[in-house]
Amino acid sequence: MNLSPLIYFSRLYGANQDLVTCGGGNTSMKEDGVMYVKGSGTALKDAVTETFVGMNHTKLMNMLDDVYPEGDVEREAKFLKDVTDAKLPGEESKRPSVEALLHALFPQKFVLHLHPSLVNGLTCSVNGEAECARLFGDSVVWVPECKPGYVLARKMKDIFDASEKKIKTVLLENHGVFFAADTVEGLATSLNGMMNALTSQVKDFPDVESQAEDPGYGEKIKAVSGKQFVRFNASPAALKFAESVSAAKPIMKPFNPDQIVYCGPKVQFANCENCLNEITANVIIMKGVGIYAIGDTEKNANNCMTLVKDAMKVATYAKAFGGEKPMNEELVNFIVNWEVESYRKSVK
Ligand SMILES: [Zn+2]
């Protein structure tokens, strides 16, 4: 299979920071019963032939007719094994994206899956589903929040089976978006249409970039947490969220799986320096000062701060759609314990 169109649009969208943060998102291409999907832990912007894992499309689709155990641990273990077994011979050393089965569901040749902040302003909002219907009618399918992995694939399969139309765009609540098309241009049309529609709705585009120097609390945070790398943000948006506990509320809980993977499930609000005597999260909002992100490696600290910026954007965009809606707690716990996501972090 000639993967050049897949490599082309993977790099194109992967390099756009409004669309891709921390390697989140993935792409695929299908031809003659074979699907090439991005490998877990690789970056779209650096896509080359080896980035993609060849998979038997029929085997993947057969997974959706199989019977899976009820228990989370048993079910996800079988899910992982079956996805692994669907790899083509010679691909044993690679690990496909955890979302490979979702890509397989689309009959179209190309699939693009992203978690853009702007899109998640809608998917992580109180009125997301109604606003999706108002803005996009039946051209976009809304999938309510659910456990990732096998459960999400199953749910999407049921929605696909019940639909009379060929589904081209799917919004996943508290997660992101899928675009599918038989041409690369078709993907661009769907993507641009959605981004333009959302841009026209949002009034407030927050400034989350910060050049500010750490006023000094970073050293204490490092010493107390034992984590060696700290990033500081005192952007206009960060200072607004850091004004008070109630101002910080919209970003105190995770919006999407990426935030849990890179920042952990919790955010700490520190009213004063003494509150830093105990560090209970990787993200610390310090009243009147700004936001700190910590990590045990430079990469983890950077990724954590990138996701803090994402959270600030999502919370602000969501105001246009009834206000922000974090992930439900049961799902947060599920992802914390999900082996495939911790793998993604370990190779990033
Ligand atoms: Zn995703």
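The paragraphs below look at a zinc site and then at one helix of this predicted model.

The zinc ion is held by four residues, with Glu99 contributing an OE atom and His113, His115 and His175 each contributing NE2, at 2.0 to 2.1 Å. The angles among these 4 donor atoms run from 87 to 157 degrees, and the site is accordingly classed as irregular; for a tetrahedral assignment, all angles would have to lie between 85 and 135 degrees. Read along the sequence, the donor residues follow the spacing E-x13-H-x1-H-x59-H. Because Glu99 sits in the loop between helix H3 (72-85) and helix H4 (100-105), while His175 sits in the loop between strand E6 (169-172) and strand E7 (176-181), this pair ties together parts of the protein that are 76 residues apart in sequence. Glu99 and His175 are, moreover, both buried.

The helix to consider next is H9, which spans residues 217-225 and whose buried residues are Gly218, Ile221 and Lys222. When the helix is viewed down its axis, the buried residues of H9 fall within an arc of 100 degrees, and therefore they line one face of the helix. The face turned away from that buried side carries Glu219 and Ala223, which are exposed. As for what lies over the buried residues of H9, the covering elements include strand E8 (229-233), strand E10 (283-286) and strand E11 (290-295). After H9 comes Gly226, a residue whose phi is positive, near 80 degrees.

Definitions and conventions
Residues numbered from 1 in each chain as written. Predicted model: local features only at pLDDT ≥ 70, side-chain atom pairs only at ≥ 80, totals over all residues. Heavy atoms only, no water. Donors = N, O, S within 2.8 Å, 3.2 Å for Na, K, Ca; no water. Tetrahedral: all angles 85-135°; square planar, octahedral: opposite > 155°, others 65-115°. Helix = DSSP H or I, 4+ residues; strand = E, 2+ residues; numbered from the N terminus. Buried < 20%, exposed > 50% of the residue type's maximum accessible area, 1.4 Å probe, protein only. Arc of directions from axis to C-beta. Contact = heavy atoms within 4.5 Å.
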